[in-house]
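Please read them alongside the sequence and the coordinates.

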Amino acid sequence: MFDKDKLKTELAVLYQRQEFRNISDAVKLLQFLLSENLQASFSEVVELLRIAVTMSMTTSEPERCFSCLKRVKSYLRNTMREVTALAMFSIVKIMSATRFFGHIQPVSWNLNNTATGQGGELPMDHLNADEDGQ
């Protein structure tokens with residue numbers, strides 16, 4: 001993976017030079033090496049810095065991601081339960097309409113009436129009818 005002798009030599013050069021010693025942050029050092037086109041001269045150090053910069057120092061970020069994923073999955077499960085419940089209500093409505101009329105009655109419902117406050121209820125008269133259809 002790393003050439004230990006080359007890495008040791010590159011680090012010794014970095015520590016000896018004053019312009020490198022003033023940079024205390026790994027990200028800033030990597031940016032400096034890349035901006036000055038020194039990645040060929042310090043190839044092992046650049047590789048080591050890239051690994052160090054991309055590694056998470058704590059587990060808090062991955063834990064936050066998994067926590068967020070858990071919330072999303074819970075939301076999707078709950079939404080699917082609601083969709084399943086609505087589908088069951090629809091099936092029961094169709095079955096009851098079929099029981100009373102022998103076929104499915106189309107439901108006419110004007111959404112504009114709901115918005116203006118004039119009615120807005122689904123016509124469910126056939127569900128309240130007697131067994132003989134009245």
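1. Leu76 counts as partly exposed because its relative accessibility is 48%; buried means under 20% relative accessible area, exposed over 50%, and partly exposed in between (1.4 Å probe, protein chains only). Leu76 belongs to helix α5, residues 60-101. Helices here are DSSP runs of H or I with at least four residues, strands are runs of E with at least two, and both are numbered from the N terminus.

2. This is a predicted model, in which local features need pLDDT of at least 70 and side-chain atom pairs count only at pLDDT 80 or more, whereas totals for chains, interfaces and linings use all residues. Residues are numbered from 1 along each chain as its sequence is written, and side-chain values use heavy atoms, with hydrogens and water left out.

3. Together with Val72 and Tyr75, Leu76 forms a nonpolar surface patch with about 320 Å² of accessible area. Patch members have over 30% relative accessible area and no salt bridge; like charges are joined within 9 Å and nonpolar side chains (Val, Leu, Ile, Met, Phe, Trp, Tyr) within 5 Å. Accessible areas come from the Shrake-Rupley method with a 1.4 Å probe, and for residues only the protein chains shown count as cover.

4. The protein has seven helices and zero strands. Buried residues account for 13% of its 134 residues.

5. The search of the whole structure returns one salt bridge, defined as a side-chain nitrogen of Lys or Arg within 4 Å of a carboxyl oxygen of Asp or Glu. The bridge joins the side chains of Arg17 and Glu19 at 2.9 Å, N to O. Arg17 is partly exposed at 41% relative accessibility, and Glu19 is partly exposed at 37%.

6. The largest pocket has a volume of about 210 Å³. A pocket is an open set of points on a 1 Å grid over the protein atoms alone, where a 1.4 Å probe fits, with protein on both sides within 12 Å along at least five of seven lines; lining residues have an atom within 4 Å of a point. Of its 13 lining residues, Leu11, Leu14, Tyr15, Ile23 and Leu29 lie nearest the centre. At least two lining residues come from each of α1 (4-16), α2 (18-21), α3 (26-35) and α4 (43-54).

7. Asn37, in the loop between α3 and α4, has a positive phi of about 55 degrees although it is not a glycine. Most residues other than glycine have a negative phi. Asn37 counts as exposed, with 58% relative accessibility.

Conventions. Grid points are joined across faces, edges and corners, and a volume is the space filled by probe spheres set on the points.
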